Each structure stands twice: as structure tokens, then as C-alpha cells.
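Trainee: I am new to this structure and would like to learn how to read its features. Could we go through them one by one?

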Amino acid sequence: MSVVTTNKRIDIIDALRGFALAGIVIVHMVENYIGGPATQSFIEGTNPGIIDQIVKQGISFFLSGKFFALFSFLFGLSFFIQMRNAAQKGANFGGRFLWRIILLMGIGFVHHAFYKGDILTIYAALGIFLIPFYKIHNRWLLVITGVLFLGIGRYIVFAITGGEGIFGAFGFQPDSPDVIAYYETIKNGSFTEVVIANSTDGHLTKMDFQLGVFSRAYLTFGFFLLGLYAGRTGFFQNYKENKKLVRKLLIGSLITLVVSIGIVIGFFASAGPNVSFDNWMVMFGLTGVDLFNFCLTIIIIVLFVMAYRSTKGAQRLKVFAPYGRMALTNYFMQSIIGTFIFFGWGLGYLGQIPNRYTFLIAIGILILQIWWSKWWLSRFNYGPLEWLWRSLTYFKWFPFKKK
């Protein structure tokens with residue numbers, strides 16, 4: 001196992017984290033920060049033309065389900081780096097990491113009050129289970145990761161529930177009363193009403209999505225473990241030398257991607273024209289979707305690494321590094337900006353702006369945040385939330401402003 005003993009920040013990891021966050025803001029803006037299924041009126045209002053439909057399908061194919069996965073992968077990698085750095089100083093970071101994710105849970109609850117699609121609370125809940133995995137042998141780490149991506153969590157849940165919700169009878173179709181009621185709340189409700197909706201049923205519907213047949217939590221943890229494995233093997237420290245490995249990953253992912261497309265087409269075709277989540281054909285088809293997203297995520301990582309190996313590529317991609325160093329602050333601010341634009345307590349444009357324009361708004365926010373992150377870090381040591389999180393983790397106020 002290759003381990004680098006330096007505590008210096010690795011630029012490519014910061015840049016990749018910023019790149020992942022860029023994809024997330026684009027997805028969320030085009031989704032109008034609904035954080036769940038949309039109503040038919042929303043679909044019609046945001047897809048009036050062929051360009052809007054192309055934007056939506058392009059984002060669904062290339063971004064949705066991939067950049068959250070990339071972000072999750074980097075969370076597992078960061079866990080390894082923190083544990084390793086503490087071990088090099090003769091300390092055990094396990095207890096400190098547990099306290100750190102308890103703090104993250106608190107930040108996530110505040111974020112969730114704005115946006116039901118929050119991932120911070122999910123990361124905090126799942127992060128607890130990373131601690132006992134830290135010393136598991138690499139072979140078993142990969143076996144468990146593979147089992148998770150092959151859908152074991154989904155199959156167990158479906159065998160028990162038959163596709164019914166775990167935490168309640170929440171619908172996920174556009175004409176579902178739950179979907180329509182929540183849509184009306186965020187479209188016309190006050191800020192208080194949105195907070196109440198997100199803080200009550202919003203948590204339950206999210207847990208159904210995470211732990212039910214859609215399996216998002218199991219996949220997230222799988223990417224955590226994959227990030228942990230990448231840290232152990234020194235993948236990003238040695239990315240310039242690992243040309244053969246990178247090439248093998250690319251070829252293997254492309255082959256598996258083609259196979260996953262065949263699985264999706266085959267099983268969903270067998271399920272008939274009216275797809276419902278109450279049969280094994282659809283469960284196997286969903287696993288095909290997960291494998292497709294997994295392969296495309298690996299391909300994104302590999303292509304990013306290949307581009308970063310060149311001097312020009314690194315210079316261009318390093319623009320994401322300050323953005324990635326302030327990922328927590330930027331992620332939180334994106335949601336505040338997005339919900340203000342779309343929700344009734346703000347400007348109230350939910351479902352009224354075609355996808356082509358929300359895509360451009362996302363690019364504008366992205367450019368603004370990248371510029372702001374670079375400006376901020378030229379004057380301060382940390383982003384605001386990063387500084388608060390770090391200081392509370394160690395029970396001391398770290399120097400905020402640069403001398």
C-alpha cells in the first residue's frame with residue numbers, strides 16, 4: 001500500500017472537489033431546487049422547447065447522479081487523509097472525526113431547512129460507519145464496495161417492503177398528492193411554511209429515497225469506501241506515474257458502461273410500458289442505472305486526471321481549486337441563492353424559467369463563486385463555514401484572516 005507522508009494540500013483533489021461542486025450547482029439550478037420529484041406543470045413549464053429538452057436530457061445523462069457520486073468519493077478520500085495525518089502525528093482521529101460529523105449534521109439540518117435535497121445530513125449519518133472501515137483490508141473493502149454497487153441494499157429492502165415506502169406512503173410520481181402538495185408549499189408558501197415542510201415530512205421522504213429501493217445511501221457509502229481505497233493506494237499522489245492504471249480504469253469503465261446500458265434497456269423493456277417500482281425487473285433495471293452512473297463517474301475522474309497531467313490542463317483546471325477548498329460554504333450559499341430565486345418566499349420563479357436559462361443562471365453563479373472563492377482565500381485562511389467547522393472540531397479559534 002502506497003502512502004505519502006506529507007500533510008501538504010494536494011491541488012488536484014481541491015480542483016476535483018470544485019469541479020464536482022460545479023456539476024452539482026448546475027443540476028440543482030435546472031431542477032429549481034425542488035429536491036425531489038416534480039409535478040407535470042413544472043415539467044411543462046421548464047421544457048417548452050427542443051433546446052430546453054436537450055439541456056434537461058444532457059444534464060440527466062452526464063451530470064445527474066454522477067457529480068454527487070464524485071463528491072461522495074472525495075468525502076471518503078478526505079476521511080482517509082484526516083485519519084492518516086493524525087496517525088503521522090501519533091494521534092487517533094476517530095473520536096475527533098465523530099465529533100466533526102456531528103457538527104456537520106448540525107450544519108446539514110440548517111441547510112436542509114432551505115433545501116430538502118441536502119446531502120450534508122446524509123454524509124454525517126453515513127460518515128459514522130466509515131470509522132470502523134478504516135482498518136479493513138483493501139481486498140474486503142473492494143468486495144463490500146462491489147456488493148453495494150450491485151444493489152444488495154435495494155434487493156434486501158425490496159424483498160422486505162415490496163417497493164412500499166419505509167417511512168411512509170410517499171409518492172414519487174408527478175401526479176402524486178405528496179409531490180403536488182410539496183410543490184405548492186415551496187411555490188406559494190412562506191419561508192416558515194417551507195422550513196416546517198422540509199423539517200418534518202421532508203426528512204422522511206428523503207430517508208425513503210436514501211434507504212428505499214432507490215438506494216442512494218448505499219451507493220453514497222460505496223463511493224465513500226472507494227475514496228478511502230483511493231487514499232490508501234496513493235492514487236492522487238501518484239497520478240502522474242499511474243498512466244497504465246488510469247488507462248485500464250478508462251477501458252474497463254467504458255466496457256462496463258456499455259454493459260450497464262444493455263441491462264437498463266433489457267430489464268426496463270421487460271417491465272412493460274408503465275414502469276412501477278413493485279417488481280424485480282425494475283429493481284434489476286435500477287441497478288443497471290446505478291452501474292451506468294458509477295462507470296460515468298469513474299470516467300469523469302480518469303479524464304480529469306489525464307487532463308491534469310498536462311501543464312496546460314492543470315493550469316485550466318486549477319481554477320476550481322479555491323472553489324473546492326470552500327466547498328462547504330459554496331454549497332450552502334448555492335442553496336440559499338437558488339431557493340431565493342425559485343421559492344415563494346423569494347422571487348417565486350419556480351417552474352417559470354425554461355431550462356436553457358436556468359442552465360445559464362447556474363453558469364453565472366458558478367463563475368461568480370469561483371471568482372469570489374479566489375478573492376476570499378487571498379485574504380483569509382478558510383472559507384467562513386470551513387473556519388467555523390474546523391474551529392469547533394478542535395475547540396479553538398484558528399487564525400481566520402491572513403497576516
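Trainee: Which side chain does aspartate 290 meet in a salt bridge?

Mentor: Keep in mind that this is a predicted model. A salt bridge is read from a side-chain nitrogen of Lys or Arg within 4 Å of a carboxyl oxygen of Asp or Glu. Here the partner of aspartate 290 is arginine 154, at 2.7 Å from N to O. The two lie in distant parts of the chain, 136 residues apart: aspartate 290 in helix H15 and arginine 154 in helix H9.

Trainee: Is aspartate 290 buried or exposed?

Mentor: Buried means under 20% relative accessible area. Aspartate 290 counts as buried because its relative accessibility is 9%. Arginine 154 is buried as well, with a relative accessible area of 1%.

Trainee: How many salt bridges does the count come to?

Mentor: The count comes to four. One of them joins lysine 206 and aspartate 118, whose closest N and O atoms are 3.3 Å apart. This pair also links distant parts of the chain, with lysine 206 in helix H12 and aspartate 118 in the loop between H5 and helix H6, 88 residues apart. Lysine 206 has 7% relative accessibility, so it counts as buried. Aspartate 118, at 1%, counts as buried too.

Trainee: What separates aspartate 14 and arginine 17 in helix H1?

Mentor: About one helical turn, because they are three residues apart in that helix. Their side chains meet in a salt bridge at 3.1 Å, N to O. Aspartate 14 and arginine 17 are both buried.

Trainee: Next, the backbone angles. Which value does phi of serine 215 come near?

Mentor: Phi of serine 215 is near 65°, a positive value in a residue other than glycine. Serine 215 sits in the loop between helix H12 and helix H13, and is buried with a relative accessible area of 2%. Tyrosine 33 is another non-glycine residue with a positive phi, about 55°. Its place is the loop between helix H1 and helix H2. At 0% relative accessibility, tyrosine 33 counts as buried.

Trainee: How does arginine 96 count by relative accessibility?

Mentor: Arginine 96 counts as partly exposed, because its relative accessibility is 30%.

Note on methods
Residues numbered from 1 in each chain as written. Predicted model: local features only at pLDDT ≥ 70, side-chain atom pairs only at ≥ 80, totals over all residues. Heavy atoms only, no water. Buried < 20%, exposed > 50% of the residue type's maximum accessible area, 1.4 Å probe, protein only. Helix = DSSP H or I, 4+ residues; strand = E, 2+ residues; numbered from the N terminus.
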